[in-house]
Amino acid sequence: SRGRHSSRDCHVEKREMRVRDLGMGFDSDEIVLFKFCVGSCQRSRGNYDLALRALLANGSLPKRTARKVSAHPCCRPTGYEPVSFMDATTTWRTIKSLSAADCECMG
Amino acid sequence: SRGRHSSRDCHVEKREMRVRDLGMGFDSDEIVLFKFCVGSCQRSRGNYDLALRALLANGSLPKRTARKVSAHPCCRPTGYEPVSFMDATTTWRTIKSLSAADCECMG
Amino acid sequence: LYFPQRAYTESIYVGQLQGSQVLQVHSMRETPTERPYFTLCSHRDTYASWFHMDEATGVLSMNKTLEWSDFSSIRDLVRPVKDLNLKVGVSSVPMQKAICPFLPTVEVKLMFINDTAPSCGQVELKTLCFPDKVSNPHITENRMPGALRQLRRFTHMNICPNYTISYAVEAGTNQTQAFCILQYELVVTAPVDREESEVYHLDLVCMIRTEEKLEKFFSSLHVNIYDEDDNPPYMNGTDTEDIKIEFNRSEGTVYGTLFVYDRDTTPVYPTDLIQNKLVGTLMTNDSWIRNTITIEHKFREEKAIFGNVRGTVHEYKLKLSQNLSVTERRSFQLDYLVNDTTFPGPEGTVLLHFNVTILPVPIHFSNITYFFTVSLKATTYSQIGSVCVDNCLKFKGIDVTYQLEIADRNISADAQSCYWAVGLAQKPNEKAGVLYVNDTEVLRRPQCQELQYVVIAEEQQNKFQAMMQLVVIFEGEGNTVIRLDEQRVLPCAEKRQRGECEASRGLGAPTGRCQWRQGRDKGISKKYSTCSPDLGTCPDAYCDAIESKNISICPQDCSSQPIIGGYERDLYGIKAGHGTCYCFSGKCFCEKDELEVFPICDDVCKP
Amino acid sequence: PVFPGTVDCIEAVQECIKDPECKRQLRHLEYCVDEEAVAPLSLEGRQACVDAQNNLMHYQSLQECKCQRGSRMEQQCLSIYWTVRFPQGYDDIETSPYEDIELELVKNSETSKLASIVSVSSLPLTDQNQCLKAAQDCGLYEKCGSLRSEYALACTKIIPGTNHCNRHKCHRALRRFLERVPEEYSFGVLFCPCSDTLCGERRRKTIVPSCSYEERDGQPNCLNLESYCLKDNLCRSRLADFQQNCQPSSLSPSGCLRESVAVCLKAYAGLIGTIMTPNYVSNSSTEVSQWCNCEGSGNQWQDCLRILHMFNSNTCLREDNLGLQTKRIQFKTFLCFQKVVES
């Protein structure tokens, strides 16, 4: 895969999120530090991406296909961390692979 | 990284492209078969993506950041192939890593 | 000889005079002729040499007068009080220090206070009588009388030399006068019986006569009575248990209960201790019985039924040590002798009687023929029904397998090919066989739409067999009517909405169509929304014989892969999920199906 | 390294083996420990060990060396500490192998930079459930959140093919959490004060009792539990530390022989993640105990009750001592005060 730039092009950001707001149906008021990847990965692009951009620009691809094409590597986690908490019934719950351990431009 | 589904979720598609239309400034009327990756990788999502979707949905992220976030793995080449052709001055040219050899959901 | 106390504590001050007494250690006799010899065993610590132990009386006294420098010489935390830990050993013969590690010892903890003893005016009078913390002594039941504690506080005797101090003891209301005070020592006057009372609550009275008046101080003392095995086991009510063994014949099963009582305690620690252990013996030489049956023995401590004194209740159950054959038919009385190994007397045994009746179990179908009807629309792996010999659901330790065979072997090869339509599956340890649609292609041919099978049930241990006729009738509109593009059979679990779910032909769907279950709960719920081939069997939190043949049939019950989103899982499948649960070849998601998140500016709108 | 003024046992041994005689006696004691672990020593064998121990009496650094709780070399250090005191029974288990907590706490207060730790979450926090608040604070401090997730996962994960957890891994993860997360946070989730049973249940379940100590087939006898603990150097050391630092005293206002309650709480927390893991007995009181009872104690009933009462009737572990939260400011002030005195 392409050379990787884990800098402004792709890095970890953190947000406090109430477990209840993770959108997974867990009933808990605990707060977790959700780490996610942010970056456009423009610097990791290659010839493939330039050609793909040209293809997309000439409009020859149907919209349904165009929507499913990544015209540059994507800034994604290279590893994940679990997050555990107690729910409203004081039962321990763990969400595996929830938070990003680190980020990289992939693909 | 996440389990890979090289199926409907992410696969190779082909398009004939004139070298001239690759958008790289080569002056050649030859046509190449450009292979690229198409797929939503929805099936390769993980808990991270569900939480990220919730975070994006609650609008707490600034637009500038939200735009640089990949809320699912991206369908990208796992390897590339070069393409060679003769330009208008009958000089052999090669564009490295232009076409996708195979595709996979990354990250 | 034994120490009537776990530890001795006393406080000592700077200025404690050489030769002055600190405290007295006692040892109780086990036999009339015994005589204790005491020795100070702590030679480890530098301060041990400050003390002297009187070999005969057990009185600990000072070898030197305590100086301020002595206090600071003790390496300990920076505190106003430093602990001096000594050990005193006792033997029934005079001895040297060297054998200390092999003797019973008792701890002596002296709190060395970095101050001189309070003057008579300063001291709190009660402290002349009793230490701050009074530890409780213990004596063993049925033992010799003797002194068990020195009541005077030697270290405080010279603080008010003009006062006279005396002690008295008042026993608790219902307790015998087993204790008295002789020359300032608490004495047990006669053997006591623990089974009568485990603890004697004594009220010690200390009288101090000062120049002006008589002061009285009270302190309660609990003398714990140690147990010895002086009671035989006994039974209360029946010593016989009738036991019938029929359908449950598996190894490890227990039957019936007989109780044996023992007024003595049974210590569980240390584990190798043999005090008051009841040992049991099967009173039979019948090898079959000895190989097949054992007696399970458990015991627990009880108080209420023994007059609020700790005793032991033993439970004896009959236990199978191997699976019983279905043919076994037998009646016998089994006697079991329980012996209290540490009880000295002859009556230390009781005899238990188990009247055992073992009935055979027939492997049998009550009906000759069973009929099942199936819709022609049913897809592959649709469950038709289950087959089971009589009483099979009660079976334990009886392994019966089921096989499906063509009833009439002489039919043509072409006719025989119809019989691919139905299959039979059975999971290991499952009691019934499950019939299912194995091939829908043959059902297109009219001659294949009524099939006659024979089901053979075979009991694995003795190879007993039972047979029954099985008729499977396929009815209703066939698949020929359904449009070609709809012919493809997909896993129902992939569908995320009701519409696409109920419109698809799903694997294992008896009606041919997938069925949608709409969940109503907000959070993670057992009633999650999902698309299933048959809501009767999937999801039901059990990966049955048919579902386990192909993960696509019911991943909601069988998937072992990680589930993405909010869920709960026991061993397999999705016990509870958030929103809609759907799966792609075993990988499942449980998520709310709201409108897509606001469109992420993906690649197309990149500048 | 242990606090200045206290010799670390590992250093003490390096010093000892430079002296042939010290080295010889120490190797002999190590042999005694190994032999005793296999089978009880003979009378002669034991006497030889007693002699070896006596011969090491005058090597002061060996006799007074201590260990540091949670350090990388803790296990080796403790092994030396107890070897030097072999045979057992010659020294009770009320003197702690660890350097005095009061010194350690002060040292920790430097490293944990108490004042800056408490980050206030920007999300509106539920006000009354203090244990939930402590969990939220932990979740927001990355190290606390990740180590808490680590032990929760280790303690709730069922070993494939069985129906129970891996208690050893659970204990190790619990100790890692308690040793690496600043006490400001770990004590927060352990000793938060509660005024309702929901909060009390959260507090009770914080150390995942179903895996960290509960047994499916009922409670063991406390004597049995203690005997297993004493055979394990770590548990034995933490128990000795607890007994030294949580000695009750009716004379002192805090009910504790040691003036500072934090010293006892730290020693109590040191037992969590060992064979004798203590915990709250219910969700409606701060009473703590061991998962054991005194049934079947026979004549050692009093000894058994003594073990239980060390926890469930110890004035050092009283109501307000365990409700640390209310004392949080006091806890911090105590530590800050220490720092002011230092500087």
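This is a predicted model: local features need pLDDT of at least 70, side-chain atom pairs count only at pLDDT 80 or more; totals for chains, interfaces and linings use all residues.
User: Why is the disulfide of C492(C) and C514(C) called left-handed?
Analyst: Because the torsion about its S-S bond is about -80 degrees. As for what the pair ties together, C492(C) is in the loop between β28 (464–475) and α5 (498–502) of chain C, while C514(C) is in the loop between α5 and β29 (515–517), so parts 22 residues apart in sequence are joined.

User: Which hand does the disulfide of C256(D) and C316(D) have, and why?
Analyst: The torsion about its S-S bond is about 65 degrees, so it's right-handed. This pair links distant parts of the chain, 60 residues apart: C256(D) sits in the loop between α15 (233–245) and α16 (261–271) of chain D, and C316(D) in the loop between α17 (301–312) and α18 (319–322) of chain D.

User: What about C294(D) and C304(D)? What makes them a pair?
Analyst: Their sulfur atoms are 2.1 Å apart, which is within the 2.5 Å cut-off. With -95 degrees about the S-S bond, this link is left-handed. C294(D) is in the loop between β2 (288–289) and α17 of chain D, and C304(D) is in helix α17 of chain D, 10 residues apart.

User: Why are C294(D) and C304(D) each called buried?
Analyst: C294(D) has 9% relative accessibility and C304(D) has 0%. Buried means under 20%, so C294(D) counts as buried, and so does C304(D).

User: How do you know that C180(C) is in no disulfide?
Analyst: The nearest cysteine sulfur, that of C206(C), is 17 Å away. A disulfide needs sulfur atoms within 2.5 Å, so C180(C) is in none.

User: Why is C180(C) called partly exposed?
Analyst: Its relative accessibility is 24%. Buried is under 20% and exposed is over 50%, so C180(C) lands in between and counts as partly exposed.

User: How many disulfides are there over all chains?
Analyst: The structure holds 31.

User: Let's turn to chain A. What does its radius of gyration say against a compact globule?
Analyst: A compact globule of 107 residues would have a radius of gyration near 13 Å, but chain A has 18 Å. Its C-alpha atoms fill a box of roughly 55 × 30 × 20 Å along the principal axes.

User: What elements does chain A have, and how much of it is buried?
Analyst: Chain A comes to two helices and four strands, running β-β-α-α-β-β from the N terminus. Of its 107 residues, 58% count as buried.

Methods
Residues are numbered from 1 along each chain as its sequence is written. Chains are lettered from A and ligands numbered from 1 in the order in which they are written. Side-chain values use heavy atoms; hydrogens and water are left out. The radius of gyration is taken over C-alpha atoms; the globule rule is 2.2 Å times the number of residues to the power 0.38. Buried means under 20% relative accessible area, exposed over 50%, partly exposed in between (1.4 Å probe, protein chains only).
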